[in-house]
Number of protein chains: 2
Amino acid sequence: MQLASLHEHIKRRIDTELEQAINQLPDTATRLKQAMLYSLTNGGKRMRPLLVHLTGNMLDIPETDQRTISMAIECIHAYSLVHDDLPAMDDDELRRGKPTCHIAFDEATAILAGDALQTQAFTLLCEHPMSDYANQHRARLVATLARAAGYQGMCGGQAIDLATTGDAIGVAELKQLHQLKTGALLTACVEMICLVSPDITTTHQRALCQFAQTIGLAFQVQDDILDITASTETLGKPNGSDVAQGKNTFPSLLGLEGAKQELAKLHHEALQALHGLPYNTQYLIAFTDLMVSRNH
Amino acid sequence: MQLASLHEHIKRRIDTELEQAINQLPDTATRLKQAMLYSLTNGGKRMRPLLVHLTGNMLDIPETDQRTISMAIECIHAYSLVHDDLPAMDDDELRRGKPTCHIAFDEATAILAGDALQTQAFTLLCEHPMSDYANQHRARLVATLARAAGYQGMCGGQAIDLATTGDAIGVAELKQLHQLKTGALLTACVEMICLVSPDITTTHQRALCQFAQTIGLAFQVQDDILDITASTETLGKPNGSDVAQGKNTFPSLLGLEGAKQELAKLHHEALQALHGLPYNTQYLIAFTDLMVSRNH
């Protein structure tokens, strides 16, 4: 199967699964439930579930484990977008061409929906079906996801992003910011799959994490490039919004050509990390190509 | 030891432990770290750690397990206060006589500090030292805490609170709101201790949870009463703020005398739930008295 068809399949499947998970919650707070559902099924690209699936298939991990891990990661990802879009944060009114959660609902509901989606990730990780083997490692899965999402990962990255917006920083600092803000959760996709793999060696695990960290950074460089080269329509959010907000980006620090060179370098490094793994890495290679060549 | 001295001891101990847990985080995002610390050590009454400790001692649970459970619960509690105080939520500028997190720092930092404190709770529950027995039950502890904190607990309760503020509701609905908003986390204190107790029977577990649910409600009734009878100075926040915000309270629905009668009824029910347990419930009885007779 081509990666594009597989991606389409994964997208449809996770959309349905997340919808089911939210729909089966009781109707005690319907507006909050609607906001959670809205934010979770808002047309996301589902790159993280795709990465979980490709890595999981490569390592022969049962679908049920892949599914639970993907759902938990998407809950964390969705919560982070809802909170990042808030007026006090990035103040974005559009995401993927649709009103952001606090516009479609209201600010209080958006804060709570983000909060409840974060909790939902950990509920899923502890209670959603998994294989017997994975079932024994749920606490380690929670620890891995929490580390990637919290102060030492995504939240820390967002804090550095806010603190440095408007001030010029160096490339090393920008990389650290994105390694925390975007890279940590992408790396967690791979780490969590490794945790439920009975056979993988530490060396191979390390190579896969290195791969994930590198494509996480490449993803962000491409994001920054698209922010200035793609149209608002293609992006589903206003073009040039990073620059308008005074954000540090790879093109703002390196120039557009410099950013493109950085992207090519990271692309090469990601493929290098896969090199020598005793698995069929064909799909992960295609995934890397997709990440760096996407146009939205 | 008298309950008051024990409470003082627990307060000091958990303050130190939480401070240490935050201080040992790396300095990647110092302002966020400061905000997390500020919110966690903001002079809280530590009723939940006290309940964990009293239940834990009664059931002979190792101190190390009590500590980890208490720390995780206080992280969830602190995060919920930071977010509840935000301008889009209850818009409170004072808590325990000090500026709330978004006043002392800023709104974006307060949102992130709440987010990161929630994650921190799950990190602690998975990684902080516990006994061998408790160590095998970490995933169930996470599931219990997540359920109490998320849509089916605290977040759901806060959503109902926001949705009903300004509209008169019935006593049953007000009770459900508080059972979710405050009761779920207080009940989780007891549930989590029961989870790490190798011996407790389902019947006794159920009685202890019933006890916790009842004191959770009693705590809230007393809170509502204090909001109109205590001074701003004693409360550490403006007196009458519930009424000013158009919140439904037990006195607003039942009158002050009716609310006091409800409190007495709940007090009696809590003691009834303890009756017949084959443990020394002396401290839990004293705790109940403290909950209903506290003046701030």
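Contact means heavy atoms within 4.5 Å. By that criterion, 100% of the interface residues of chain A are also interface residues in chain B, so the copies meet through the same surface. The model is predicted: local features need pLDDT of at least 70, side-chain atom pairs count only at pLDDT 80 or more, and totals for chains, interfaces and linings use all residues. Residues are numbered from 1 along each chain as its sequence is written, chains are lettered from A and ligands numbered from 1 in the order in which they are written, and side-chain values use heavy atoms, without hydrogens and water.

Chain A gives 43 residues to the contact, and chain B gives 43 residues. About 3600 Å² is buried between the chains, 71% of it from carbon and sulfur atoms (buried area is the accessible area, with a 1.4 Å probe, that two parts lose on being put together, summed over both). Leu112(A), Thr119(A) and Tyr151(A) supply 20% of the area that chain A buries against chain B, more than any other three residues.

Residues Glu107(A), Asp115(A), Gln118(A), Thr119(A) and Phe122(A) in H6(A) meet Glu107(B), Asp115(B), Gln118(B), Thr119(B) and Phe122(B) in H6(B) (helices are DSSP runs of H or I, at least four residues, numbered from the N terminus).

Definitions and conventions: Helix = DSSP H or I, 4+ residues; strand = E, 2+ residues; numbered from the N terminus.
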